[in-house]
Amino acid sequence: MPASEEMPDTIKRSPEHAQALWSKAHDSAVTSYGEGERAHRTAFAALKHEYEKVGDHWEAKDQWGPSDAGATRRGAGTAGGVDANASKQHLYSIARRLEVPGRSSMSKDELVEAIQKANDRETRKAREG
């Protein structure tokens, strides 16, 4: 199935470049691995090098590169699109935009987790309404 028909809503709400990047990576992965979860994981891995999830959509990162340890090691957990390699200051600014409570006293790891939860909430809200 073409990427345009399988594209997740969070990517549809993102910049055109993010959509094109995901689509190209997805279609290439389908050619290499066939339809299914592996093609989706491959497309998201490519997207996460240039974009980070903020709320219910993806935004360009300041610096290109893997978003977390899971992006570079097979079998490692991922940060769900949060740029866990970003500075604490950057994560704090994202948390502020997402109105994460208690962000001023959080460690970097806590900010990553709180942003993941806030992103999940925003995505759920966008799906419902």
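Which residues does Ser-14 touch, not counting residues up to four places away in sequence? The tour begins there, after some notes on the model.

This is a predicted model, in which local features need pLDDT of at least 70 and side-chain atom pairs count only at pLDDT 80 or more, while totals for chains, interfaces and linings use all residues. Residues are numbered from 1 along each chain as its sequence is written, and side-chain values use heavy atoms, with hydrogens and water left out.

**Stop 1: Ser-14**

Select Ser-14, in the loop between H2 and H3. Helices (H or I, at least four residues) and strands (E, at least two) are DSSP runs, numbered from the N terminus. Not counting residues up to four places away in sequence, Ser-14 touches Gln-19, His-57 and Trp-58; contact here means heavy atoms within 4.5 Å. Ser-14 counts as buried because its relative accessibility is 9%. Buried means under 20% relative accessible area, exposed over 50%, and partly exposed in between, with a 1.4 Å probe and protein chains only.

**Stop 2: the whole chain**

Colour the model by secondary structure. The protein has six helices and two strands, and from the N terminus on the elements run α-α-α-α-β-β-α-α. Buried residues make up 40% of its 129 residues. Among contacts between residues at least 6 apart in sequence, 41% join residues at least 24 apart.

**Stop 3: helix H3**

Select residues 16-33, which form helix H3. The 18 residues of H3 should span 26 Å at 1.5 Å a residue, and the end C-alpha atoms are 25 Å apart, which agrees. The expected span of a helix is 1.5 Å times one less than its number of residues.

Show the side chains next. Buried residues in H3 are Ala-18, Leu-21, Trp-22, Ser-23, Ala-25, His-26, Ala-29 and Val-30. An α-helix has 3.6 residues a turn, so residues three or four places apart point the same way. The buried residues of H3 pack against helix H1 (3-6), helix H2 (9-12), H4 and strand E1 (51-54). H3 is followed by Gly-34, whose phi is positive, near 90°.

**Stop 4**

H4 has 14 residues and reaches 21 Å from its first C-alpha to its last, close to the 20 Å expected at 1.5 Å a residue. Axes are lines fitted to C-alpha atoms, for helices over the stretch in contact, and angles run from 0 to 180 degrees between N-to-C directions.

On the H3 side of the contact, select residues including His-17, Leu-21, Trp-22 and Tyr-33; on the H4 side, the residues include Arg-38, Ala-43, Phe-44 and Glu-50. By class, this contact has twelve nonpolar, four polar and two charged residues. Ala, Val, Leu, Ile, Met, Phe, Trp, Tyr, Cys and Pro count as nonpolar, Asp, Glu, Lys and Arg as charged, and the others, Gly among them, as polar.

The buried residues of H4 are Ala-39, Ala-43, Phe-44, Leu-47, Lys-48 and His-49, and they pack against H2, H3, E1 and E2.

**Stop 5: Gly-65**

Move to Gly-65, in the loop between strand E2 (57-60) and H5. Gly-65 is buried, with a relative accessible area of 7%. Leaving aside neighbours within four places in sequence, Gly-65 is in contact with Lys-48 and His-49, both of which are buried residues of H4. Gly-65 and Glu-50 are 15 residues apart in sequence and 6.6 Å apart in space, C-alpha to C-alpha.

**Stop 6: helices H5 and H6**

Select H5 (88-97) and H6 (108-128). Their axes come within 10 Å and cross at roughly 35°. Lys-88, Leu-91, Tyr-92, Ile-94 and Ala-95 in H5 meet Lys-108, Leu-111, Val-112 and Ile-115 in H6. By class, the contact has seven nonpolar, no polar and two charged residues.

**Stop 7: the largest nonpolar core**

A nonpolar core is a set of buried Ala, Val, Leu, Ile, Met, Phe, Trp, Tyr and Cys residues joined through side-chain atoms within 4.5 Å. Of the 15 residues in the largest one, Val-82, Leu-91, Leu-98, Val-100 and Ile-115 touch the most other members. H6 gives the most to this core, with five residues.

Centre the view on Leu-98. Not counting residues up to four places away in sequence, Leu-98 touches Val-54, Gly-55, Ile-115, Ala-118, Asn-119 and Glu-122.

**Stop 8: Glu-99**

Finish at Glu-99, in the loop between H5 and H6. Glu-99 has a positive phi of about 55° although it is not a glycine. Glu-99 counts as exposed because its relative accessibility is 64%.
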